[in-house]
Amino acid sequence: PRETLGKVKALYEFAQWCFVDRHKRKQFDDIAAGHQAALIAMGVIKEPQMKEATGPECPVSLIDVFEKYRAIKFLQRETDDTIVIIPRDALKWQDLVAFRDVAGYGISLFEAEVIMGLDGIFEGREDG
């Protein structure tokens, strides 16, 4: 239905923000911070108030699909003071079947299609 397509589109926009846009913005902000620090040190500008960038929200009805994707795609390692998230290789349909069988999560055909779409966004993040 049209409502479901709208929610999937919103989920893909959320993933685009998480995997692509936010990362590019952070890279730009890191460069800009160095320039800004130099201008502040020279007395050219005062320290501006920074506002946290926010993107689209994940549709509530698809949060569980996004969480399944994260569980399949990323390995998480925790130390005393950090959490490192390591992406696995590009997903294949067999990965979804193996995850379903091992983890005991049900994955519908719809969820599988959405998860593969999310992985396409993640894997294409370097291409623009």
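A residue counts as buried when its relative accessible area is under 20%. In this predicted model, Phe 122 has a relative accessibility of 7% and therefore counts as buried. Phe 74, at 16% relative accessibility, is likewise classed as buried.

## Aromatic pairs

The model contains eight aromatic pairs. In one of them, the ring centres of Phe 74 and Phe 122 lie 5.2 Å apart with the ring planes at 90°, so this pair is edge-to-face. The pair connects distant parts of the chain: Phe 74 belongs to strand E1, residues 74-78, while Phe 122 belongs to helix H4, residues 109-123, and the two are 48 residues apart.

A further pair is formed by Phe 99 and Tyr 105, whose ring centres are 5.3 Å apart and whose planes meet at 5°, so the pair is stacked. Phe 99 is buried, because its relative accessibility is 13%, whereas Tyr 105, at 43%, counts as partly exposed.

## The aromatic cluster

Which residues form one aromatic cluster? The members are Phe 14, Phe 19, Phe 66, Tyr 69, Phe 74 and Phe 122.

## The largest pocket

The largest pocket has a volume of about 370 Å³. Twelve residues line this pocket, and those closest to its centre are Cys 18, Phe 19, Arg 22, His 23 and Phe 122.

At least two lining residues come from each of helix H1 (2-41), helix H2 (63-73) and strand E2 (83-87). Helix H1 provides the largest share of the lining, with five residues. By residue class, the lining of the pocket consists of seven nonpolar, one polar and four charged residues.

With neighbours within four places in sequence left aside, Lys 68 is in contact with Tyr 105, Gly 106, Ile 107, Glu 111 and Ile 115. One of these contacts, Tyr 105, is the partly exposed residue that stacks with Phe 99.

Terms used:
Residues are numbered from 1 along each chain as its sequence is written. This is a predicted model: local features need pLDDT of at least 70, side-chain atom pairs count only at pLDDT 80 or more; totals for chains, interfaces and linings use all residues. Side-chain values use heavy atoms; hydrogens and water are left out. On a 1 Å grid over the protein atoms alone, a cavity is a set of points where a 1.4 Å probe fits but cannot get out, and a pocket is an open set with protein on both sides within 12 Å along at least five of seven lines; lining residues have an atom within 4 Å of a point. Grid points are joined across faces, edges and corners, and a volume is the space filled by probe spheres set on the points. Helices (H or I, at least four residues) and strands (E, at least two) are DSSP runs, numbered from the N terminus. Ala, Val, Leu, Ile, Met, Phe, Trp, Tyr, Cys and Pro count as nonpolar, Asp, Glu, Lys and Arg as charged, and the others, Gly among them, as polar. Contact means heavy atoms within 4.5 Å. Rings of Phe, Tyr and Trp (its six-membered ring) pair if their centres lie within 6.5 Å; planes under 30 degrees apart count as stacked, over 60 as edge-to-face and the rest as tilted. Buried means under 20% relative accessible area, exposed over 50%, partly exposed in between (1.4 Å probe, protein chains only).
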